[in-house]
Amino acid sequence: MGGMPVLFVHGVAVREEGDLGWEDLHRATQGVDWPGVQRLLREHVAPTLNPDAPDAVHVERVYWGDLGAHFTQGGQFRAAREREVAPEPDPLALDGDALGEALERRLRAAHPVAEWPGVIRVAWGVARDARVRALLADLPPAERWGLLDAAAQARLPGRTRRLEPHLPPGLMRARRRNVKRAMREVRRPLEAFVPLFMGDVLAYLNGRGTPEAPGAIPQRVLAGLRAAHAARTHPHEPLVVLTHSMGGQLIFDALHAFLPADPDGAGVRVDFWCACASQVGAFHELGFTLGGPTPDPHAGGRLGYFWNVWAYTDLLSFRAQGIAPGAHDTAFPLSGLVRSDHLAYLQQPDFYRTLAAKVAVHAGPREPSDTPLESGA
């Protein structure tokens, strides 16, 4: 026994240092720690595959983050965030439209939302009033915003001017500014992570191509599967695949659509596939997977046991049993931290020990003379 290949396929919003988006994603989630995943696979799964020489087990990954989405304008949300906290400019430095936007924003912050329609009309009326602009020119810069506020207040309907006594304009503005400041810190990592998360999903779906002409990401996955297959030193050595999140959809499509059409993929078989933090069931039920609505559970002999791992506290994971053909579900207990549980499987030694046990009973190494295990057992 030799290579006993194990292949890992990551999900969306994963970048290597130096790739576009790495800094934002690393700040938001720390990303997938591939050296840590590789170490835990070697520590817990490799000895199951090759007890005599676990170091000989071939443990590799398919990295496709560089083929995912990227900000075509460098992430303009950063510049917008900086504009929000920048000091207000001198009103006379703004043209009519810019002054209207600034004054509207200033007045909205000082009034309840029910009064915004009237506030908007007044703000733009003041901003476009040449007489007001002439008065501004006669005042020192420090007093100009005060004049604009007073001019707007004078034009507001009486009901709108009568703010609640405990919420004068200055206090309301300060309160909303404090809420914005607090929520800005909450949104900061999400503003980078969520667009790339959704962008990677769309990049795959829009660019995966067809089985006869696979796109760049499916080509990368096919190359990884062929390399793992080639690492077997004996045809009866099992090939184990671990996917995380969107990586599951990539492997599902590869097994059911791309691999059958790959002229170089003859003989490639995944004996055990674990899809953790999986959305395979959701994508299949929505009709986003390839291979048709009722594909062969064993992908024409290319798939053995399919273990789908999800968690109640991982809101991005889904059941697959009874939905995606051949799937066997396990709800894995995690820490209960909703923000981090989507990645937590890959950091838990207990997950890898459980994976090793599942591999042992469903795809453990066997001699050619052994009776093969039922792939759907």
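Predicted model: local features only at pLDDT ≥ 70, side-chain atom pairs only at ≥ 80, totals over all residues.
Residues are numbered from 1 along each chain as its sequence is written, and side-chain values use heavy atoms, with hydrogens and water left out. Local features need pLDDT of at least 70 and side-chain atom pairs count only at pLDDT 80 or more, whereas totals for chains, interfaces and linings use all residues.

**Exercise 1. The chain as a whole**

Task: State how many helices and strands the protein chain has, and what percentage of its residues count as buried.

Solution: Begin with the elements, which are DSSP runs numbered from the N terminus (helices are H or I with at least four residues, strands are E with at least two). The protein chain has 14 helices and 6 strands. Next comes burial, where buried means under 20% relative accessible area, exposed means over 50%, and partly exposed lies in between (1.4 Å probe, protein chains only). Of the 377 residues of the protein chain, 47% count as buried. Last come the contacts, a contact being heavy atoms within 4.5 Å. Among the contacts between residues at least 6 apart in sequence, 76% join residues that are at least 24 apart.

**Exercise 2. Helix 2 and helix 14**

Task: Work out how the axes of helix 2 and helix 14 cross, and which residues make the contact.

Solution: The axes are lines fitted to C-alpha atoms, for helices over the stretch in contact, and the angles run from 0 to 180 degrees between N-to-C directions. For helix 2 (residues 34-49) and helix 14 (residues 349-363), the axes come within 9 Å and cross at roughly 30 degrees. Helix 2 is therefore roughly parallel to helix 14, given that angles under 35 degrees count as roughly parallel, over 145 as roughly antiparallel, 65 to 115 as roughly perpendicular and the rest as oblique. The crossing of these two helices is right-handed, a term used if the near helix is turned clockwise from the far one by less than a right angle, with anticlockwise giving left-handed. On the side of helix 2 the contact is made by Val37, Leu40, Leu41, His44, Val45, Thr48 and Leu49, and on the side of helix 14 by Pro349, Tyr352, Arg353, Leu355, Ala356, Val359 and Ala360. Sorted by class, these residues are 11 nonpolar, 2 polar and 1 charged; here Ala, Val, Leu, Ile, Met, Phe, Trp, Tyr, Cys and Pro count as nonpolar, Asp, Glu, Lys and Arg as charged, and the others, Gly among them, as polar.

A further step concerns Val361, which lies in helix 14 and counts as exposed because its relative accessibility is 52%. Val361 and Thr48 are 313 residues apart in sequence, yet 10.0 Å apart in space, C-alpha to C-alpha.

**Exercise 3. Helix 5 and helix 7**

Task: Describe the packing of helix 5 with helix 7.

Solution: Helix 5 (residues 116-127) and helix 7 (residues 144-155) pack at an angle of about 130 degrees, with their axes 9 Å apart. Helix 5 is therefore oblique to helix 7, and their crossing is right-handed. Val122, Gly125 and Val126 of helix 5 meet Leu148, Ala151, Ala152 and Arg155 of helix 7 in this contact, which by class has 5 nonpolar, 1 polar and 1 charged residues.

**Exercise 4. Two loop residues**

Task: Find where Ala13 and Ser245 are placed.

Solution: Ala13 is in the loop between strand 1 (6-9) and helix 1 (22-29), and has a positive phi of about 60 degrees although it is not a glycine. Ser245 is in the loop between strand 3 (240-244) and helix 11, with a positive phi near 55 degrees. Ala13 counts as buried because its relative accessibility is 4%, and Ser245 counts as buried because its relative accessibility is 2%.
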